[in-house]
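This report describes one protein chain from its overall fold down to single side chains. Please look over the sequence and the model before reading on.

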Amino acid sequence: MSGAYRAILEAQMRSLLQYRAAAIGGALTQIFFGFVIIQVYEAFYAEATGDQPMALQQVITYVWLGQAMLGLFPWNVDPTIRQQIRDGNVVYELLRPVDLYGLWFARSAARRLAPTMLRSVPILIVAAAFLGLQPPATWAALGAWIITTFGAILLATSITALLTTTMLWTISGEGIVTLAVVVVVLTSGMAIPLPLMPLNLQAIMTWLPFRGLVAIPFRLYLGHLPVDQTLSLFGFQILWAGFFILAGRTLLSRLRRRIVVQGG
């Protein structure tokens with residue numbers, strides 16, 4: 001069965017990797033917004049007094065990493081699956097000789113990976129050459145970033161698969177997905193790096209899973225977190241990914257016994 005899910009992942013990625021023009025347009029858009037965000041931070045640092053928990057150059061690099069890896073975020077669910085649930089064609093998915101959750105998980109992983117592969121390289125090249133992106137703090141920091149980026153991919157995919165599963169319950173899914181995106185953006189460190197947030201909020205966000213999407217890999221890249229914490233931080237990502245996978249499977253198992261297809 002693992003071969004079937006790998007084939008689904010590869011087929012979906014081949015399909016998504018064909019949209020090169022859209023990827024170039026998206027990369028240019030993200031470079032523009034990254035530049036705007038950096039201007040805001042530069043104005044903040046110009047007026048700030050006292051020492052800051054992150055140097056401006058670290059924040060600039062953090063912003064460009066965020067723009068390059070934006071596609072990994074669990075922004076939305078697969079539109080094909082969304083439409084199948086709305087029009088009732090999801091019943092055909094239930095008849096396939098594969099696990100439905102595994103099928104959706106593989107498709108979610110492809111939708112995280114393919115856009116990121118197309119956009120991240122040009123963004124990182126342009127940002128490193130002209131816009132202030134710094135290299136990793138050390139070679140060890142580079143390795144830690146790569147390891148925890150894989151953890152972030154698994155975590156983002158498990159969250160997306162759970163959001164996909166909730167659509168069997170809500171049918172449309174826009175409400176839950178929109179709420180989830182807001183929570184994830186605010187608590188992951190994507191909107192504002194966690195070290196720049198108030199200390200009481202940092203204490204809460206340290207225990208939430210979403211820092212594993214952004215704050216952990218980016219701060220390891222910058223050397224803002226010690227490299228010797230890599231394995232424990234990767235374990236944090238894997239444990240939360242396992243929790244979301246278990247939650248998604250449990251919810252799907254319950255909903256399949258009560259599912260009502262649109263129109264009948």
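## Basis and overall fold

Helices (H or I, at least four residues) and strands (E, at least two) are DSSP runs, numbered from the N terminus. From the N terminus on, the elements of this protein run α-α-α-α-α-α-α-α-α-α-α; the count is 11 helices and 0 strands. The model is predicted: local features need pLDDT of at least 70, side-chain atom pairs count only at pLDDT 80 or more, and totals for chains, interfaces and linings use all residues. Residues are numbered from 1 along each chain as its sequence is written, and side-chain values use heavy atoms, with hydrogens and water left out.

The C-alpha atoms fill a box of roughly 65 × 40 × 30 Å along the principal axes. The radius of gyration is taken over C-alpha atoms, and the globule rule is 2.2 Å times the number of residues to the power 0.38. For 264 residues a compact globule would have a value near 18 Å, and the 19 Å of the protein agrees with this. Contact means heavy atoms within 4.5 Å. Among contacts between residues at least 6 apart in sequence, 82% join residues at least 24 apart.

## Nonpolar cores

Buried means under 20% relative accessible area, exposed over 50%, and partly exposed in between (1.4 Å probe, protein chains only). Of the 264 residues, 45% count as buried. A nonpolar core is a set of buried Ala, Val, Leu, Ile, Met, Phe, Trp, Tyr and Cys residues joined through side-chain atoms within 4.5 Å.

The largest such core has 62 residues, and Trp 64, Trp 104 and Leu 213 have the most contacts inside it. Among the helices that each supply at least two of its residues are α2 (20–47), α6 (100–130) and α11 (230–256). The largest share, 10 residues, comes from α7. Leaving aside neighbours within four places in sequence, Leu 213 is in contact with Phe 73, Pro 74, Ala 152, Leu 155, Ala 156, Ile 159 and Val 184. A second, separate core of 6 residues includes Ala 144, Ile 216, Leu 220 and Phe 236.

## Aromatic rings

Rings of Phe, Tyr and Trp (its six-membered ring) pair if their centres lie within 6.5 Å; planes under 30 degrees apart count as stacked, over 60 as edge-to-face and the rest as tilted. The whole structure holds 9 aromatic pairs. One of them joins Phe 44 and Tyr 45 edge-to-face, at 5.5 Å centre to centre and 85 degrees between the planes. Phe 44 is partly exposed at 43% relative accessibility, whereas Tyr 45 is buried at 15%.

Tyr 62 and Phe 218 also pair edge-to-face, with 5.3 Å between centres and 85 degrees between planes. This pair links distant parts of the chain, helix α3 and helix α10, 156 residues apart. Both Tyr 62 and Phe 218 are buried. Elsewhere, ring pairs link Phe 210, Trp 240, Phe 243 and Phe 244 into a cluster.

In α4, the residues Ile 81, Arg 82, Gln 84 and Ile 85 are buried. Seen down the axis, the buried residues of α4 fall within an arc of 165 degrees (taken from the directions from the helix axis to the C-beta atoms), so they line one face of the helix.

Helix α6 contains Thr 116, which is buried with a relative accessible area of 7%. Neighbours within four places aside, Thr 116 is in contact with Ala 68, Met 69, Gly 71 and Leu 72.
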